Each structure stands twice: as C-alpha cells, then as structure tokens.
Amino acid sequence: MSNSSWNILCDFDGTIAVEDVIDSLLDNFGRPGWEVLERDWRAGVIGSAVCMAGQVALLDMDRPQLDRHLSGLRIDHGFAAFVKATIAHGIPMEIVSDGLDHAIHAILANHGIASLPTVANHLNQAGPRQWNLTSPFSAPGCRSGTCKCARVASAKARGGKTLLIGDGASDFCAADRVDFVFAKNRLIEHCRAAGIPYAPIASFDEALELLPALLDGRLPPQAVIPTSLPSSQELSA
C-alpha cells in the first residue's frame, strides 16, 4: 500500500529520544562553561548553532565513553511501530534535528531501527577526547544549526502535504509552515496559541493511532484536537 500524499518531518531530542542527548552528554562529560552558553541561548543572546558548537567543544570524553553513554539512552516506546507503519503506507519520513547525527544513528541502531534519512549537525572527533560540530544544514539568517524551515520547503517541493512531529522551541518556526503537527510537550501550547492545526500526542502510540485518520483526510487542516473536553461552563458560555 502506497500513500505519497504526505511527507513526515520528525524531531529527535525529546520527541523520539526520551531525553535531550546533548544535555545528557554535558551533564556527564561537559567541562565548565557549558552552563553559561546554555543561559545565553535561553536568554536569546546567541542562537542554538553558536550554543551547540561551543558546548560540543567543551565535551571531555573518548569514543568508547560516548558510545557507552548513547547505548543507555531510551527512545519513545512506540516509535519502532510508527516507523513500520510509515514504511507500510509508503510515507517518506525524515528526521530533522538540531542535535547530533552520530547520536541519532547510534541510538536508533541500539533499538534495532534501521537508519532513517537524517538531517542534523555533524559531530566530529578532533582528538582522543576532543570534539567539534559542523552544521551542513544551516541556512543564512537562521540561528539554528539545522534550519527546519528549509527542510519544510524541501518537503513541499516534493509535493503533497507535510506533517511535523516535534516537542519544543526548535520546532516552533517549522510548525508555522507545515500542513499538520503531531505535538508533544511545549509544542502543544505553541500550536494552540498560534492557531496551528495540530493533534497533541504523549507518545508515538498515539501518533500511530492518528495516522489512518490523517491519511484518510479526517484530520483536515482546520481541525485542532483538544487535549481535554470543554467544561460545562465553557459549553454554556
């Protein structure tokens, strides 16, 4: 069965991976100074590209330590089944992440998931315990290492509609440009506040349940699925 009317762009950290990979690496292997970069990023002083490059340069770990750490990180328990469903329906899915390409490939492999097309920052080993970051998918005027809006434009150029699956601030800009969003965590409130067509999900089990309705057109662009039923006061207002 083939369905080429949709393209899926899926975030990784906090969406597929249960925790943010770079944060977990910094907590375990970061030299002093990464917290300052984090604070400046949260305050909007620097973009995520500058923040991430500076933080990766402060990681003090060798390759075996990195691989051992990644082997202990968990993913959403429903993701493997969701991947199988997209393959069965012939829906192209791309991981679009402002995180680390090596981590994404390693974590998926650790959970028995074949490599998916991945757009992310590139982690380079510069010495026995030195690392640096390059951003092959950056874009002029975008402060992120990976410009997710550019990936939306590429998906639209292939034709069909675009579904974004994400959870946080790095997905806000792209969410404004796609046809529908499966939203976790902070992305739920952003979509609600901005009037973006979305369905809230807690896990990929729920994304899998919603997929047939999306493909059949029962989740039209105007529809927003509420997280809870309205109260009787709201109904009578």
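How many aromatic pairs does the structure hold?

Mentor: First, the ground rules: this is a predicted model, where local features need pLDDT of at least 70, side-chain atom pairs count only at pLDDT 80 or more, and totals for chains, interfaces and linings use all residues. Residues are numbered from 1 along each chain as its sequence is written, and side-chain values use heavy atoms, with hydrogens and water left out.

Now the rings. Rings of Phe, Tyr and Trp (its six-membered ring) pair if their centres lie within 6.5 Å; planes under 30 degrees apart count as stacked, over 60 as edge-to-face and the rest as tilted. The structure holds three aromatic pairs. Take Phe 79 with Phe 204: the pair is edge-to-face, 5.0 Å from centre to centre, with 75° between the planes. This pair links distant parts of the chain. Phe 79 sits in helix 5 (residues 79-89) and Phe 204 in helix 10 (residues 204-215), 125 residues apart. Helices here are DSSP runs (H or I, at least four residues), strands likewise (E, at least two), and both are numbered from the N terminus. Phe 79 and Phe 204 are both buried. Buried means under 20% relative accessible area, exposed over 50%, and partly exposed in between (1.4 Å probe, protein chains only).

Another pair is Phe 180 with Phe 182: the centres are 6.1 Å apart and the planes stand at 90°, so this pair is edge-to-face. Phe 180 and Phe 182 are both buried. Back to Phe 79: ring pairs join Phe 79, Phe 82 and Phe 204 into a cluster.

Next, helix 5. Its buried residues are Phe 79, Phe 82, Val 83, Ala 85, Thr 86 and His 89. Look down the axis of helix 5: these residues fall within an arc of 160°, so they line one face of the helix. The arc is that of the directions from the helix axis to the C-beta atoms. Lys 84 and Ile 87 are exposed, on the face of helix 5 turned away from its buried side. What do the buried residues of helix 5 pack against? Strand 1, strand 2, helix 6 (101-110), strand 5 and helix 10. Contact means heavy atoms within 4.5 Å. Gly 90 follows helix 5, with a positive phi near 70°.

Compare helix 7 (residues 148-157). Its buried residues are Lys 148, Cys 149, Arg 151, Val 152 and Ala 155. Their arc around the axis is only 155°, which puts them on the same side of helix 7. They pack against strand 1 (6-10), strand 2 (93-100), strand 3 (118-127), strand 5 (161-166) and helix 8 (172-175). Gly 159 follows helix 7, and its phi is positive, near 100°.

Now helix 2 (residues 34-42). Trp 34, Leu 37 and Glu 38 are its buried residues. They cover an arc of only 100° around the axis, which puts them on the same side of helix 2. Their cover includes helix 1 (21-29) and helix 3 (48-56).

Two packed helices are described by the angle between their axes and the distance between the axes. The axes of helix 2 and helix 3 come within 9 Å and cross at roughly 175°. That makes helix 2 roughly antiparallel to helix 3. Axes are lines fitted to C-alpha atoms, for helices over the stretch in contact, and angles run from 0 to 180 degrees between N-to-C directions. Under 35 degrees counts as roughly parallel, over 145 as roughly antiparallel, 65 to 115 as roughly perpendicular and the rest as oblique. Helix 2 brings Trp 34, Leu 37, Glu 38 and Trp 41 to the contact, and helix 3 brings Ser 48, Cys 51, Gly 54 and Gln 55. These contact residues divide into four nonpolar, three polar and one charged. Ala, Val, Leu, Ile, Met, Phe, Trp, Tyr, Cys and Pro count as nonpolar, Asp, Glu, Lys and Arg as charged, and the others, Gly among them, as polar.

Asp 40 is also found in helix 2. At 23% relative accessibility, Asp 40 counts as partly exposed. Leaving aside neighbours within four places in sequence, Asp 40 is in contact with Val 45 and Ile 46. Gly 44 follows helix 2, with a positive phi near 80°.

Last, Asn 185. Most residues other than glycine have a negative phi. Asn 185 is not a glycine, yet its phi is positive, about 50°. Asn 185 lies in the loop between strand 6 (180-183) and helix 9.
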